[in-house]
2 protein chains.
Amino acid sequence: MGNDAENNTEQKILVAAEHVFHEKGFDGARMQEIADKAGINKGLLHYYFKTKDSLFEAIFSVGNGKMMAHLETIFLLEIPLGEKIGRMVDQYMDLLAENPSLPRFVINELSKNPERFASKIISRNTLRTFSAFADSVQKEIKAGNIRPIDPRQLFMNVVSMILFPYVGSSLIRAVVGLTDKEFYALMQERKAHIKIFLNELIKE
Amino acid sequence: MGNDAENNTEQKILVAAEHVFHEKGFDGARMQEIADKAGINKGLLHYYFKTKDSLFEAIFSVGNGKMMAHLETIFLLEIPLGEKIGRMVDQYMDLLAENPSLPRFVINELSKNPERFASKIISRNTLRTFSAFADSVQKEIKAGNIRPIDPRQLFMNVVSMILFPYVGSSLIRAVVGLTDKEFYALMQERKAHIKIFLNELIKE
DNA sequence: GTCTATATCATGATAGAC
DNA sequence: GTCTATCATGATATAGAC
């Protein structure tokens, strides 16, 4: 205890690195830019993180963890499907409002390196897997609570509606013609929009 | 006429470059790899395309053009909204089945360089703009053909449902656990799935 | 821990022979 | 047009003084 500013420099580095990596990806990021943003020089940067890879790994694992943790919300059991979706939408959209470039970053790096996917993070708890989700959907269908639907398509629908506007914001904003302010206002409205939309999709 | 193999080497370069740029993006692409894939050496590559930028521009403009052309399907006038969406889904999904990494590529490069957006390609024809689409949606709402909905949210929904599974395939495939074959089979089923889904969304 | 060199290496681009 | 060098630059990483 007492070491509040445990390592102020390391924190400054991590903040700067997160910003640069999220914005430009591993390939586009420059150690020089990270050092500049952190207010230090390259030598010191390498003192804290010996390689660009190790610094990247520190940033990626955090981002990947956030993405997966929220994805897993829909894998929770013991509550109705509509409620799962509602929670997931609210939590995810709040995260994204504060980290708009997070999903694009994680998806891109995962695309370049699919093996890296965190089997540690997901399926850590055997109750929180996609197949468990699929089973619970089938159960709700048989019980007549929701209309028949392929759980994989349902999952894609939910995730697409939430993530794409952020991942593809460059495209959407260009086509629709939106300022920053307008875009973020739309995203706030979108929380309610998606919830209504998806609940009608499954409601029988 | 007669010059069928007009410039065989240039074609080989363009094919190779498209593959590499789409897969790795501008920052991750290497001129060496493009040359190797085209079966030539770097010197010759630079003879055809003086700079990496100029080669990239050739690839990007084609990809961007494809993306925009299909986006504009939904901006067509004079046919009912449901039909517009149906056409867009079919055409876009067919394009994506053959170019799975195209949307991620275009979106990423557009994100790094939003100004580059092809105002030349879209809004070339004044009848094909988002605002014209928005107007036609409002008209259909007033006529009682479809239920009230913000045209911008509707547009995002359609585009998200179509594009995200491809853009975020790395994430989806990891979470759901899909082989190549399973993924592409799902994408084929998805065409019908999306059309039903979106038609119910707007149907009153 | 922090800095200033400097080493090392990869990459885009050019020069010049054929 | 095509190739084999080679250059020039920029980026990661290291060495060593303070």
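Q: Why is Asn157(B) called buried?
A: Its relative accessible area is 0%. Buried means under 20% relative accessible area, with exposed over 50% and partly exposed in between (1.4 Å probe, protein chains only), so at 0% Asn157(B) is buried.

Q: Good to know! What kind of model is this, and how are things numbered?
A: This is a predicted model, in which local features need pLDDT of at least 70 and side-chain atom pairs count only at pLDDT 80 or more, while totals for chains, interfaces and linings use all residues. Residues are numbered from 1 along each chain as its sequence is written, chains are lettered from A and ligands numbered from 1 in the order in which they are written, and side-chain values use heavy atoms, with hydrogens and water left out.

Q: Where is Asn157(B) found, and which residues does Asn157(B) touch?
A: Asn157(B) is found in helix H8 of chain B, residues 151-167. Leaving aside residues up to four places away in sequence, Asn157(B) touches Met161(A), Arg190(A), His193(A), Phe197(A) and Leu201(B). Contact here means heavy atoms within 4.5 Å.

Q: How many helices and strands are there in chain A?
A: Chain A has ten helices and zero strands, giving the pattern α-α-α-α-α-α-α-α-α-α along the sequence. The elements are DSSP runs numbered from the N terminus: helices are H or I with at least four residues, strands are E with at least two. Of the 204 residues in chain A, 52% are buried.

Q: What makes up the contact between chain A and chain B?
A: Chain A brings 47 residues and chain B brings 47 residues. The area buried between them is about 4,200 Å², with 72% coming from carbon and sulfur atoms. On the side of chain A, Phe164(A), Leu171(A) and Val175(A) lose the most area to chain B, together 15% of what that side buries.

Q: Why give an area at all for an interface?
A: The size of an interface is often given as the accessible area lost when the parts come together. Buried area is therefore the accessible area (1.4 Å probe) that two parts lose on being put together, summed over both.

Q: What makes the meeting of Arg147(A) and Glu200(B) a salt bridge?
A: Their side chains come to 2.6 Å, N to O. A salt bridge asks for a side-chain nitrogen of Lys or Arg within 4 Å of a carboxyl oxygen of Asp or Glu, so the Arg147(A) and Glu200(B) pair qualifies at 2.6 Å. The count between chain A and chain B is two salt bridges.

Q: How many residues are around DNA strand C, and which come nearest?
A: There are 17, and Asn41(A), Tyr48(A), Arg30(B), Met31(B) and Lys52(B) come nearest. Near means that one heavy atom of the residue lies within 4 Å of the molecule or strand. H3(A) gives the most to this surface, with four residues.

Q: What are the classes of the residues near DNA strand C?
A: Six are nonpolar, seven polar and four charged. Ala, Val, Leu, Ile, Met, Phe, Trp, Tyr, Cys and Pro count as nonpolar, Asp, Glu, Lys and Arg as charged, and the others, Gly among them, as polar.

Q: And which residues come nearest to DNA strand D?
A: Of 17 residues around DNA strand D, Lys42(A), Lys52(A), Asn41(B), Tyr47(B) and Tyr48(B) come nearest. A backbone N or O atom of Lys52(A) is 2.6 Å from a phosphate oxygen of DNA strand D, and a polar side-chain atom of Asn41(B) is 2.8 Å from a sugar or linking oxygen.

Technical notes: Polar contact = N/O pair within 3.5 Å; in protein donor to acceptor, adjacent residues only side chain to side chain.
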